[in-house]
There are 2 protein chains.
Amino acid sequence: MVGSVALDSVKTVYGRTERALGGSAVHFSMSASQFAPVKLVGVVGEDFPANFRRFMNRRNICLKGMQVMPGKTFHWKGRYDRGLKNAVTIATHLNVFEYFKPKLSDTHSACGVLFLANIDPDLQWDVLGQMDKPRFVACDTMNYWISLKKKSLVKLLSKVNLLFVNEEEARQLTKEHNLIKAARLIAGMGPQIIVIKRGDSGSMLFYGGEVISMPARPIEKVVDPTGAGDTFAGGFMGYLAASPDWRNFNVLKRAMAYGTVMSSFSVEDFSVKRVGKLSKADMHDRYNKYVKSLSIQ
Amino acid sequence: MVGSVALDSVKTVYGRTERALGGSAVHFSMSASQFAPVKLVGVVGEDFPANFRRFMNRRNICLKGMQVMPGKTFHWKGRYDRGLKNAVTIATHLNVFEYFKPKLSDTHSACGVLFLANIDPDLQWDVLGQMDKPRFVACDTMNYWISLKKKSLVKLLSKVNLLFVNEEEARQLTKEHNLIKAARLIAGMGPQIIVIKRGDSGSMLFYGGEVISMPARPIEKVVDPTGAGDTFAGGFMGYLAASPDWRNFNVLKRAMAYGTVMSSFSVEDFSVKRVGKLSKADMHDRYNKYVKSLSIQ
């Protein structure tokens with residue numbers, strides 16, 4: 001997987017955190033590594049704490065592709081309103097991330113499954129070009145790239161198996177309000193699978209002309225929603241990477257459910273605290289209860 | 001069931017309708033009568049079209065409790081924005097509905113199941129007092145009554161088994177943003193069951209300390225969302241009325257799923273057009289597909 005590694009300062013109604021471990025690459029990897037080994041490709045500055053590195057290494061995440069550059073690590077500062085839905089950015093310091101130009105080693109290029117987190121679509125394309133015939137490629141994106149680099153993004157989409165987007169991004173990309181129609185338009189651009197993330201409204205899976213909607217797992221105390229989408233993608237992709245064949249509706253539905261469950265843990269504490277101490281037993285327990293809650297006898 | 005019968009003029013991006021059959025009593029009854037016979041208690045004016053009366057009679061709805069008063073039928077005129085989520089009221093003419101004071105006959109009082117649609121909580125209380133030991137009572141309400149007659153509403157809630165509310169009403173009633181906590185506070189007011197309707201984000205069921213979240217059934221062409229909530233309640237209550245015991249989680253989950261499916265038909269056309277011509281076969285077919293889509297093997 002390729003994405004951002006960040007130090008996040010976040011404030012919500014439940015408290016705050018300063019320069020905590022964050023970024024799409026971190027949230028994704030912490031989640032995906034519950035299912036399969038993850039090789040993270042990213043960049044940090046010289047200020048990146050050694051204990052964060054050890055923390056991730058302990059979770060089955062290979063950091064050989066996490067380059068250290070002179071300067072400071074990407075830093076994001078933000079807060080959430082009472083509803084915990086919309087992030088307000090107070091400051092974004094790209095720092096070394098501004099010069100991020102991923103170079104894959106042979107071990108990285110040989111990976112069978114690739115996740116391109118939300119970065120410049122030209123960089124995503126460049127990374128994909130360095131890969132040696134991966135069997136499954138997924139990407140994420142955001143409103144910023146849809147506005148500024150739509151052409152590059154559309155070119156990339158013709159080469160990926162799966163796109164993760166949220167509701168508004170799906171609408172912005174297709175100029176279509178209805179999500180079923182929007183997903184059909186995106187499928188026409190290339191991806192066989194489209195996953196629309198809808199926050200506490202759940203998620204939708206589009207594959208083979210079919211649509212499946214799944215609810216979010218209700219959470220009584222949402223402490224910090226930062227990284228929930230990447231944690232969802234991590235659970236989904238990790239499960240898929242560990243499955244023999246992704247061309248199977250049941251596999252995709254289980255991947256959706258694991259993504260849902262992983263993101264439900266993620267929001268229960270700041271940064272990757274909850275996912276970082278999550279046991280496989282707790283994960284499977286919540287998964288089984290979620291699946292049972294959806295089973296109508 | 002007791003509620004409003006209206007003539008609705010609605011405009012959406014897909015077209016418009018003039019003085020079409022509407023009101024909570026109509027949407028609820030058209031949906032519930034797919035499962036069980038319904039006795040409607042309401043009021044109309046002398047202008048109420050005879051063909052609307054025949055239309056409902058044909059659908060297993062008894063209209064002996066639909067009083068005709070001198071004057072005009074309740075008329076609502078509104079439109080929806082592009083997202084089809086928020087109704088903008090252009091005009092509300094209460095007409096005869098302003099003087100609505102339901103009087104139940106012995107046949108009505110003897111009903112085992114009662115649904116009190118969204119009307120003045122003092123009237124809901126009055127109707128409940130006229131009933132002869134119903135085995136199950138549910139009610140709906142709205143922001144207007146929560147603001148103006150909270151005391152009356154809270155008194156009513158101590159006597160009902162189930163409350164249907166939407167997200168914002170649940171929050172307004174309890175001053176609690178989190179829906180799990182809000183439902184717990186409402187349960188403390190009396191209802192054993194709370195159903196929170198969330199539009200295209202699905203619905204949540206609270207019963208016996210447990211919470212179940214269900215997704216909306218994705219719809220490609222939402223023509224008119226008017227009455228979707230009452231249609232949901234109708235499917236839920238109709239299914240429950242036809243079941244031997246409501247104190248059963250599986251029965252309640254099936255009721256939720258039927259409510260979801262009925263409301264998904266409702267929004268596909270104006271007024272009660274789609275539900276009015278719905279066959280039992282089409283209903284069960286969509287129900288079975290919905291249940292299957294949620295089954296994760």
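Predicted model: local features only at pLDDT ≥ 70, side-chain atom pairs only at ≥ 80, totals over all residues.
1. Extent of the interface. On the chain B side, 34 residues are in contact with 34 residues of chain A. The two chains bury about 2800 Å² between them, with 51% of that area on carbon and sulfur atoms. Of the area that chain B buries against chain A, 24% is supplied by P218(B), E220(B) and I296(B), more than by any other three residues.

2. Four salt bridges are found across the interface of chain B and chain A. One of them joins D200(B) to R198(A), with the closest N and O atoms 3.4 Å apart.

3. Elements and composition on the chain B side. Four elements of chain B each supply at least two residues of the side that touches chain A: α8 (179-189), β12 (210-214), α10 (249-266) and α12 (280-294). The most is given by α12(B), with five residues. By class, this side of chain B has 15 nonpolar, nine polar and 10 charged residues.

4. Strand β3 of chain A. This strand covers residues 38-44 and is largely enclosed by the rest of the structure, because six of its seven residues are buried. Strand β4 of chain A (residues 61-68) pairs with β3(A) in the parallel sense, over six bridges. Within chain A, V43(A) stands opposite Q67(A) of β4(A).

Key: Residues numbered from 1 in each chain as written. Chains lettered and ligands numbered in written order. Heavy atoms only, no water. Contact = heavy atoms within 4.5 Å. Buried area = accessible area lost by both parts, 1.4 Å probe. Salt bridge = Lys/Arg side-chain N within 4 Å of Asp/Glu carboxyl O. Nonpolar A, V, L, I, M, F, W, Y, C, P; charged D, E, K, R; others polar. Buried < 20%, exposed > 50% of the residue type's maximum accessible area, 1.4 Å probe, protein only. Pairing = 2+ DSSP bridges.
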